Amino acid sequence: MLTLYYAPGTCALASLIALEESGLAFETRKLSFANGEQRSPDYLKINPKGRVPALVGDRGVLTETPAILGFIAASAPAAKLAPLADPFEMARLQAFNSYLCSTVHVNHAHRPRGSRWADDPAAIEAMKAKVPQNMADCFTLIEDMLEGPWVMGETYSLADPYLFVMSGWLPSDGVDPARFAKVSDHHARMLQRPAVQRALAFDRG
Ligand SMILES: N[C@@H](CCC(=O)N[C@@H](CS)C(=O)NCC(=O)O)C(=O)O
């Protein structure tokens, strides 16, 4: 049995959707960021980074969304959530997810989590002011990359829930999603998927 450590409104939603899509048996543990549970001694024993998601299984703890998504896809080959047998396509998928993790998510975090990078309130405000531009630049690139209904083209993969989560942050980051027609279509298409609906019901529940 897998256990996903989760907090509502976070990037952990991508892993939750992936688990819902996979057919793997899993349970969830919700953390309250409002109560600082991600930094509680008990949770830090599971993930010393103090972040979600963390996925716990028989062999130990996995963190970092691209790694968790890759693990889920490889653990449920029948669900066809990644091009596991094609090294080049697999690398393309990982490149996309790595970009979301290392660049898009980090650009977003400069709005709610600027104190990670600076103590000076003026510097924190300056970082926040830059978020709409940085996010729009990222999504201009992503919009140009999208060539089909899904990130990988005709085939749904675990890049899709991850993009869905990041594009869902655009309004709160001061970017009008309507500027990106293909990204907006992708978001709407994702909302039709039962796995996404189940995950969102849990997120909001
Ligand atoms: N690189 C990590 C980032 C994880 C991360 O930053 N998660 C945020 C939620 S989106 C978090 O747990 N923040 C808690 C905090 O900063 O205290 C991943 O992709 O999984």
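Start with the ligand: the space it takes is the largest pocket of this predicted model.

Next, show the residues around the ligand. There are 16 of them, and those that come nearest are Arg-39, Val-52, Glu-64, Thr-65 and Arg-116. Colour this shell by residue class: 6 of its residues are nonpolar, 5 are polar and 5 are charged.

Now pick out individual side chains and look at their polar atoms.

- Glu-64: one of its polar side-chain atoms is 2.6 Å from a nitrogen atom of the ligand.
- Arg-116: here a polar side-chain atom lies 2.7 Å from an oxygen atom of the ligand.
- Arg-51: an N or O atom in its side chain is 2.9 Å from an oxygen atom of the ligand.

The ligand taken alone exposes 520 Å², and the protein buries 90% of that.

Domain 1 is made of 2-80 + 198-204, and domain 2 covers 87-193.

Select the residues where the domains touch. On one side, 19 residues of domain 1 are in contact with 15 residues of domain 2 on the other.

Finally, go back to the ligand with the domain colours still on. Which domains supply the shell around the ligand? Domain 1 and domain 2 each contribute at least three residues to the shell.

Notes: Residues are numbered from 1 along each chain as its sequence is written. This is a predicted model: local features need pLDDT of at least 70, side-chain atom pairs count only at pLDDT 80 or more; totals for chains, interfaces and linings use all residues. Side-chain values use heavy atoms; hydrogens and water are left out. A residue is near a molecule or strand if one of its heavy atoms lies within 4 Å of it. A polar contact is a pair of N or O atoms within 3.5 Å; within protein, one must be able to donate a hydrogen and the other to accept it, and residues adjacent in sequence count only if both atoms are side-chain atoms. Accessible areas come from the Shrake-Rupley method with a 1.4 Å probe; for residues, only the protein chains shown count as cover. On a 1 Å grid over the protein atoms alone, a cavity is a set of points where a 1.4 Å probe fits but cannot get out, and a pocket is an open set with protein on both sides within 12 Å along at least five of seven lines; lining residues have an atom within 4 Å of a point. A molecule sits in a cavity or pocket if more than half of its atoms lie within 2 Å of its grid points. Ala, Val, Leu, Ile, Met, Phe, Trp, Tyr, Cys and Pro count as nonpolar, Asp, Glu, Lys and Arg as charged, and the others, Gly among them, as polar. Domain bounds come from an automatic or database domain assignment. Contact means heavy atoms within 4.5 Å.
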